[in-house]
Amino acid sequence: MAGSGSAHLRGDAAILSVEDLEVEYHTSAGAFKAVAGVSFDLLQGETLGIVGESGCGKSTTGRAVLRLDPIAGGRVRFKDDDIAEASPKRMKELRREMQMIFQDPVSSLNPRRSVKEVVMEGAAIDGVPKAERLAEAPEILSQVGLPSERFADMLPRQLSGGQAQRVAIGRALAVRPGLLICDEPVSALDVSVQAQVLNLLEDLKKKYDLTIVFIAHDLGVVRSFSDNVLVMYLGKTAEFGDAEQVYARPAHPYTRGLLDSVPQPEQEGGFTGPALGGDIPSPLNPPSGCRFRARCPIAQDRCAVEEPAMREVRPGQFAACHFPLD
Amino acid sequence: MSEGTLLEVQDLHAYIGSPRGVVQAVDGVSLSLDHGSALGIVGESGSGKSVMARAIMGLMPPRSACTGSVLFKGKELLSMSKKELQGVWGKQIAMVFQDPGRSLNPVVRIERQMTESMRLHLGVSKSEASSRALTLLQEVGVPDPERRLRAFPHELSGGMRQRVMIAVALACEPELLIADEPTTALDVTIQRQVLDLLRRIQTERKMSLMLISHDLHVVAGQTDRVAVMYAGRLGEIGASQEVFKHPQHQYTNALLAATPTIDHERHAPLNVIPGALPSPTDPPAGCRFAARCSAATSNCHSEQPPMAPVGADHSVACFHPVNERVGELVGR
């Protein structure tokens, strides 16, 4: 990755379009771009999985779409609105249409409010009267698999991780959003609970025709849940395309390395291919040219001087690499 | 106890006092580990896998009790005094934990953290310890080891810190390394590097390894044998490939079917394990998985299934092992 460029965008047909997004963080050691020119888009009803390791900027990207982190450069368009330019009043309206679910379900819920109040928080902000909100809560809770009789009056700390994540999903859906951004929604959960939550999200997506940005580090989870996948590395895009195609035939050496790092017990040694060497570099001081080159098994001189742009390597599959894999 | 056995755990119970009652964290686990081999321990939260490791090490919290037997090279660890255990820790059994950031002292340079235990346990001089520390960092693949010795923990990445922790654990040349979720906090490419490292040092040093993880996929490819725990009990144990490819316990099978793999069919529903863990303070009388099991019958709720062999190196504690109902299964 390393790359920038927006050859993979599909223009006005997309409901959400992110072009050359940049997000800057300021630290005592200096400013750096956590997201340094990322582009992707989603059609209505599509699910985009964003994968990558720590520091790749996947969570920051999700937050910037909702303007929870300031947009330093580039453009985010949701339907007819430019998110960077929207007024605070308009942004408040837009955040109803674009909801987010976070990794840590318990800490994302107000600890002093009962479950029935938490799920209706969005409606409360909209000024819906309390009596109406409380009347609607049981319906929302039942949709996320929490019988109201048992759960409505509980406090968040009395819930398990899986139940708390169901409440967070219910709260997001209660305001009837069109776009859902899920940031590592199942990574704090045990496998048996994770499957329940993923199935719930899949059902609700169909029921409400949701468009979903699904951010996760688990490649198996992303594969099972996504139509398209965006692979990020150190604030840049590495690869974008149909998830099945990208997993079956990765074009970027980083995608290849990620997939080869997924444990496959039936293989000799437990993995399908060689390990990627080295560590993820500091975003404060990223390598020149292609940001992945220091760990790339096939890097050439050109990779150090010229940043690769996203280009179509196969129909519908884009990679930012000077030497894409076959 | 056979000739090649290094560690033999017999009917281990580890109970911990809590405000809600006595937590039966480990409840009757028996297993053994041979010289030079690798054993995986797999289980989700509340399975008792970490408590078992701590019980073996004699590192149980206050208000806890262990019964049963833990024989290490024929010696009973459970009855050892703290002083006797100090002769075991580091030199015979060493441990690596999940969060390498918290196991290192943040205000002490790497060199002193590595050399202190060597000087204490091995009685070597300061300069001898320093040169050993340098060799160890090289062995675990830390680049630029001279510079890293002078660094503080926060100056290292998570993967580097875990390599340092492994080097510290190796310093006194233990015969058994217990690694409790050593890669859970790491990114997948770094996890891969650390797993490769553990396998390499285990082979090169002819050391035994106990690799504990919540993920059967991580463990099965890296170990000779694997044990699957659920709610304090052992469900299944056997050759890793056998357990992974032909799981016999209904829980192991359900766990594998619930895990999305990188070739899972898109948008296809995952197999779900309904319900939640039983109460750890008041566990059910029969099989602990019975309430969530699709194959459970009335005896599963009243009787504890005994561990019984189902293959050459494969035993399972289940009244309805998977091969009994081939054809009924979906998804796998």
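Visitor: How far apart are the end C-alpha atoms of helix 7 of chain B?

Guide: They are 18 Å apart, which agrees with the 18 Å that 13 residues should span at 1.5 Å a residue. The expected span is 1.5 Å times one less than the number of residues. Helices (H or I, at least four residues) and strands (E, at least two) are DSSP runs, numbered from the N terminus.

Visitor: What should I know about the model and the labels?

Guide: This is a predicted model, where local features need pLDDT of at least 70 and side-chain atom pairs count only at pLDDT 80 or more, while totals for chains, interfaces and linings use all residues. Residues are numbered from 1 along each chain as its sequence is written, and chains are lettered from A and ligands numbered from 1 in the order in which they are written.

Visitor: Back to helix 7 of chain B. Mostly covered or uncovered?

Guide: Mostly covered, with 12 of its 13 residues buried. Buried means 20 or more other C-beta atoms, placed from the backbone, within 10 Å of the residue's own; exposed means 12 or fewer, and partly exposed is in between.

Visitor: What do those buried residues pack against?

Guide: Their partners in chain B include strand 6 (93–96), helix 4 (110–122) and helix 8 (188–204). Contact here means C-beta atoms, placed from the backbone, within 7 Å.

Visitor: Which residues touch the most other members of the largest nonpolar core?

Guide: B:Ala14, B:Met52, B:Ala167 and B:Met210, out of 189 residues in that core. The largest share, eight residues, comes from helix 7 of chain B. Such a core is a set of buried Ala, Val, Leu, Ile, Met, Phe, Trp, Tyr and Cys residues joined through C-beta atoms within 7 Å.

Visitor: New topic. How many strands form the open sheet in chain B?

Guide: Eight, in the order 6-7-8-3-9-10-12-11, with mixed pairing. Strand 6 and strand 11 (308–311) of chain B are the edges, each pairing on one side only. Two strands pair if DSSP finds at least two bridges between them.

Visitor: Where does helix 7 of chain B touch that sheet?

Guide: At strand 6 and strand 7 of chain B, and its direction makes about 170° with that of strand 6. Axes are lines fitted to C-alpha atoms, for helices over the stretch in contact, and angles run from 0 to 180 degrees between N-to-C directions.

Visitor: And how many bridges join strand 11 to strand 12 of chain B?

Guide: Three, and the two strands run antiparallel. One of the bridge pairs is B:Gly311 with B:His314.

Methods. Contact = placed C-beta atoms within 7 Å.
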